[in-house]
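Let's take a friendly walk through a protein fold. Have a look at the picture below and keep it in view as you read.

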Amino acid sequence: MDEEKLDTAKKHFGNEEAVVYDDLIRGKIPGYDAMHDMARLILKNSVPEEAKVLIVGAGTGTETVALLESSPAWRITAVDPSEAMLATAAEKISRKGFGARIHLHTGYVADVDSDPLFDAATSILVMHFIPDNGEKEAYLKEISKRLKKGGKMILVDVGGDNESDRYHKVIEVWKNFQKEKRSDPENVDKDFEHIVNDVYPVTEERTMELLGRCGFGEVERFYEALVFKGYVATKL
Ligand SMILES: C[S@@+](CC[C@H](N)C(=O)[O-])C[C@H]1O[C@@H](n2cnc3c(N)ncnc32)[C@H](O)[C@@H]1O
């Protein structure tokens, strides 16, 4: 496992963040629940009843629990480098009694077996933490390698042209959204230093290029909210 990447995930998704994540996330991401609902319903509509699903960057388990709940025959492998985030996910999963259909793995997608292949994968609010210096492409390739032909992937990230005025104007709107919606508005300005330093947005054009290079096509945008964009792509 890459120690530097592990540190980045731990720095922002350690014990303290895991405890407050579920309380704060809805005040951070406009349409968080609707986005997750749409992602779940898109997958449910396009993969088999007994699907195997890979969840990359599972965090505190939002999509893992929702998918296990709504699709009783699905089996899920969920991976995340943050032990603290996954511990919260594990607690929720065990409370619901889903243990037998889920494998939780502390680490990265590259650590997950690529045989047998998965029917679907999600990467929700994860890839924007990965720089576009070859690492985003490597990350998508690792997901692609683990999907069956025709398999679906949900990809949701901060996107846009970091160099443009438009992007920064939208970031200001996003900051004001958080100041209105979060229970801790006093922390918003400090948190945005993390957004500026540790988030690596790319344009939609670049997202399409990366997906194409990694064996994905038929890409459709299903969600857009301020700087966030969500896509469903097919493994060709
Ligand atoms: C904003 S949270 C999103 C969690 C969840 N998907 C959701 O929608 O609430 C981002 C998660 O990605 C994880 N993460 C960061 N870098 C990662 C990487 N390279 N591979 C997989 N997960 C990563 C973090 O530890 C964190 O739990």
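At roughly what angle do the axes of helix α2 and helix α5 cross? In this predicted model, helix α2 (residues 15–28) and helix α5 (residues 83–96) have axes that come within 8 Å and cross at roughly 40 degrees. That angle makes α2 oblique to α5, and the crossing is right-handed.

On the α2 side, Asn 15, Ala 18 and Tyr 21 make the contact, and on the α5 side Ala 84, Met 85, Ala 87 and Thr 88 do. Sorted by class, the contact of α2 with α5 has five nonpolar residues, two polar ones and no charged ones.

Now find helix α3 (residues 32–46) and helix α4 (residues 62–70), which pack at an angle of about 45 degrees with axes 10 Å apart. These two helices are therefore oblique to each other. The crossing of α3 and α4 is right-handed.

Here α3 brings His 36, Ala 39, Arg 40 and Lys 44 to the contact, while α4 brings Thr 62, Glu 63, Ala 66, Leu 67 and Ser 70. The contact of α3 with α4 divides into three nonpolar, three polar and three charged residues.

## The sheet

Next, trace the strands. Seven of them form an open sheet in the order β3-β2-β1-β4-β5-β7-β6, with mixed pairing. Strands β3 (102–106) and β6 (216–225) stand at the edges with a single partner strand each, so one side of each has no neighbour in the sheet. From one strand to the next, the twist averages 15 degrees.

Strands of a sheet pair through backbone hydrogen bonds, in a parallel or an antiparallel way. For β6 and β7 (residues 228–235), the pairing is antiparallel and runs over seven bridges. Ala 225 stands opposite Phe 228 in β7.

## Helices across the sheet

Helix α6 (residues 135–145) lies across β1, β4, β5 (147–158), β6 and β7, running at about 145 degrees to β5.

## One residue up close

Is Ile 124 buried or exposed? This residue of strand β4 (residues 118–124) has 22 other C-beta atoms within 10 Å, and 20 or more count as buried, so Ile 124 is buried.

Leaving aside neighbours within four places in sequence, Ile 124 is in contact with Ala 39, Gly 57, Glu 63, Ile 154 and Val 156. Ile 124 and Met 35 are 89 residues apart in sequence, and their C-alpha atoms are 9.5 Å apart in space.

Note on methods: Residues numbered from 1 in each chain as written. Predicted model: local features only at pLDDT ≥ 70, side-chain atom pairs only at ≥ 80, totals over all residues. Axes fitted to C-alpha atoms, helices over the stretch in contact; angles between N-to-C directions. Helix = DSSP H or I, 4+ residues; strand = E, 2+ residues; numbered from the N terminus. Parallel < 35°, antiparallel > 145°, perpendicular 65-115°, else oblique. Left-handed = near helix turned anticlockwise from the far one by under 90°. Contact = placed C-beta atoms within 7 Å. Nonpolar A, V, L, I, M, F, W, Y, C, P; charged D, E, K, R; others polar. Buried ≥ 20, exposed ≤ 12 C-beta atoms within 10 Å, placed from the backbone. Pairing = 2+ DSSP bridges.
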